[in-house]
Amino acid sequence: MLDKIGIAKRIAQELQDNTYVNLGIGIPTLVANYIPEGISVEFQSENGILGMGPFPFDGEEDADLINAGKQTITALDGAVYFDSATSFAMIRGQHVQLTVLGAMEVSENGDIANWKIPGRMVKGMGGAMDLVASAENIIVAMMHTNKKGESKILKQCSLPLTGVGCVKKIVTNLAVLEVMPQGGFKLLERAPGVSVEDIQKATEGSLIVDGEVPEMDI
Amino acid sequence: MINKVVANVQEALEGVKDEMTLMLGGFGLCGIPENSIAELVNKGTKNLTCISNNAGVDDFGLGILLQEKQIKKMISSYVGENDEFERQMLSGELEVDLIPQGSLAERCRAGGAGIPAFFTPAGYGTEVAEGKEVREFNGKPHILESALNADFAIVKAWKGDTAGNLIYKATAKNFNPMMAMAGTITVAEVEELVPAGELDPNEIHTPGIFVQRIFQGERFEKRIEQRTTR
């Protein structure tokens, strides 16, 4: 089974050379720490920076320089700042090639829910609805089940949706899944030490198992 | 040159009244007009509709106006970690219109640019689309979003000149440029106010035509919400 860092490392293997990538809050933010050697990517944060660098050293924080998670960051050489309208022009206009974000639920037709639990928790969607409605490629990073042990990989989402039919791939602590165009989750890889049966048990939506499923290489 | 300078924050916010709609720039606590927010608390203006991406934190930024119950309605994209905002919203004390961040930015821009509405894919198939016209373009469904305007748009810039031209710093730019365009009266509070001619026209982000009043803020705390280091 993977921990959060393991999930981030596995997603980092999905990064393509010379692409622009938006990383959401939480596990996705960690992906930036594991960029494979020889791969050149630029990170966009939707509050208005392209060319986002690592967190600053102690004492070098700048209140005017943060990411979409409101964390203090640094800017790399070649970075640029822009306003929110320009930022979402990059996103809606598909200039950002990959979006990695967290989710509370994903359904087998690629719907995603991650912004609200009616009557209990309302965080707001922030930029997530714009991101999932437009990105060419969307990878969800999350735990396979919630704190109560219930599957987050479902036939249908029960929570208010963030976007419909948009998720392409999911990396969890148990597996890598592909959302198929005709519906269903194709099991691509198992986390180290996790069996197909374990994954089946933790998946409420239709799991498609085609032959031998390899273990992740991380 | 038209001089936009006002003496202080009190003069800058003259005419802000109960029931008005305000836009306030900033993302989280970054690039918020903190001097003007403090003055709104002093004035005690009530039943405000505030358009702002977030609502600050419990004890800073717009969070203070929420604590004082001066806000009737918030139009935002992210409540985040503001407990008082979440509490007032869930209890129904506060009316809240949550909209996608990109749509919020574009609606402000549209308001300032004379575009009454536009179609966007963001929010299609979700609660956000309820009651909105849906139309397909290039085989993909989009929803109709309308422009936003405000009685007062209150923005924060790094440098400004007496003509109202503004330059923002780093990611403190965020919503400020679009909101500056969309106010009937736009108030800019700046860290440094210089005579017209001192800013390089090539480097100005917001042209002074969008700004009616400008003043140098007395004090900028610039609180950091999530101090994160290596």
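The model is predicted. Chain A brings 49 residues to the contact, and chain B brings 50 residues. The area buried between the two chains is about 4,000 Å².

**The interface: area**
- Carbon and sulfur atoms give 60% of the area buried between chain A and chain B.
- Three residues, Asp64(A), Lys70(A) and Val122(A), supply 19% of the area that chain A buries against chain B. That is more than any other three residues supply.

**The interface: charged and polar links**
- The rule finds 5 salt bridges across the interface of chain A and chain B.
- In one salt bridge, the side chain of Asp64(A) meets that of Lys222(B), at 2.5 Å from N to O.

**The interface: the side of chain A**
- Helix H3 (84-92), strand S9 (121-122) and helix H4 (128-134) of chain A each supply at least two residues of the side that touches chain B.
- By class, this side of chain A has 22 nonpolar, 15 polar and 12 charged residues.

**The second largest pocket**
- The second largest pocket holds about 280 Å³ of space.
- It is lined by 16 residues. Closest to its centre are Glu34(B), Asn35(B), Ala38(B), Glu218(B) and Arg219(B).
- Helix H1 (9-12), helix H2 (34-43) and strand S11 (213-216) of chain B each supply at least two residues of the lining.
- H2(B) gives the largest share of the lining, 4 residues.
- By class, the lining has 7 nonpolar, 5 polar and 4 charged residues.

Technical notes. Residues are numbered from 1 along each chain as its sequence is written. Chains are lettered from A and ligands numbered from 1 in the order in which they are written. This is a predicted model: local features need pLDDT of at least 70, side-chain atom pairs count only at pLDDT 80 or more; totals for chains, interfaces and linings use all residues. Side-chain values use heavy atoms; hydrogens and water are left out. Contact means heavy atoms within 4.5 Å. Buried area is the accessible area (1.4 Å probe) that two parts lose on being put together, summed over both. A salt bridge is a side-chain nitrogen of Lys or Arg within 4 Å of a carboxyl oxygen of Asp or Glu. Ala, Val, Leu, Ile, Met, Phe, Trp, Tyr, Cys and Pro count as nonpolar, Asp, Glu, Lys and Arg as charged, and the others, Gly among them, as polar. On a 1 Å grid over the protein atoms alone, a cavity is a set of points where a 1.4 Å probe fits but cannot get out, and a pocket is an open set with protein on both sides within 12 Å along at least five of seven lines; lining residues have an atom within 4 Å of a point. Grid points are joined across faces, edges and corners, and a volume is the space filled by probe spheres set on the points.
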